[in-house]
Amino acid sequence: MSELRDSSDYSEASYEHDFASFDDPKDLAFILANSHQYREASEYMLGLLNNIVTFLFNHGYHKSPQLYGIAFAIGHPITIAQNMLDVARKTNVTKAAISKIAMDFLQATGLPPSAALKTELAKNIYKKTNGNKRNTRSDSQN
């Protein structure tokens, strides 16, 4: 019986770059060196995501907070002329729930936020000015 080998030991193995593994610094260098390919792939993927959201919206998921969260994250046309508060009321959740879904999706996919979402600066200012109004902070400073 022959010894088992790793697939990379075979001469038939593909040595093309794997765009799914973004956690390795050398992968980032490859992406930057081939940014036109990355841009084309990301544009195709965003188009595909838009088509998936449209399909789901048209097939009974129009009251899904998860679908709207993803739609806000990618700037889908179903979110045009709607704000998160109105969508939250329509889907029976809070605005924070839809925002959290959008941010979780962006974090999981590594996509940049759409123009429909607040910037990091705006979020930080809101935290400073409106955060912890009820004094529920567990690490109270005495």
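The model is predicted, so local features are described at pLDDT of at least 70 and side-chain atom pairs at 80 or more, while totals for chains, interfaces and linings use all residues. Residues are numbered from 1 along each chain as its sequence is written, and side-chain values use heavy atoms, leaving out hydrogens and water.

**View 1. The salt bridge between D104 and K100.** The structure holds one salt bridge (a Lys or Arg side-chain nitrogen within 4 Å of an Asp or Glu carboxyl oxygen). Here the closest N and O atoms are 3.0 Å apart. Both residues belong to helix α5 (residues 95–109), four residues apart, which means about one helical turn separates them. Helices are DSSP runs of H or I with at least four residues, numbered from the N terminus. D104 is partly exposed, at 37% relative accessible area (buried is under 20%, exposed over 50%, partly exposed in between, with a 1.4 Å probe and protein chains only).

**View 2. Y44 in helix α2 (residues 35–58).** Take a look at this side chain: Y44 has a relative accessibility of 60% and counts as exposed.

**View 3. T79 in the loop between α3 (65–74) and α4 (84–91).** With 7% relative accessibility, T79 counts as buried. Leaving aside residues up to four places away in sequence, T79 touches A71 and F72 (contact means heavy atoms within 4.5 Å). A polar atom of the T79 side chain also lies 2.6 Å from the backbone oxygen of H76.

Definitions and conventions. Helices (H or I, at least four residues) and strands (E, at least two) are DSSP runs, numbered from the N terminus. A polar contact is a pair of N or O atoms within 3.5 Å; within protein, one must be able to donate a hydrogen and the other to accept it, and residues adjacent in sequence count only if both atoms are side-chain atoms.
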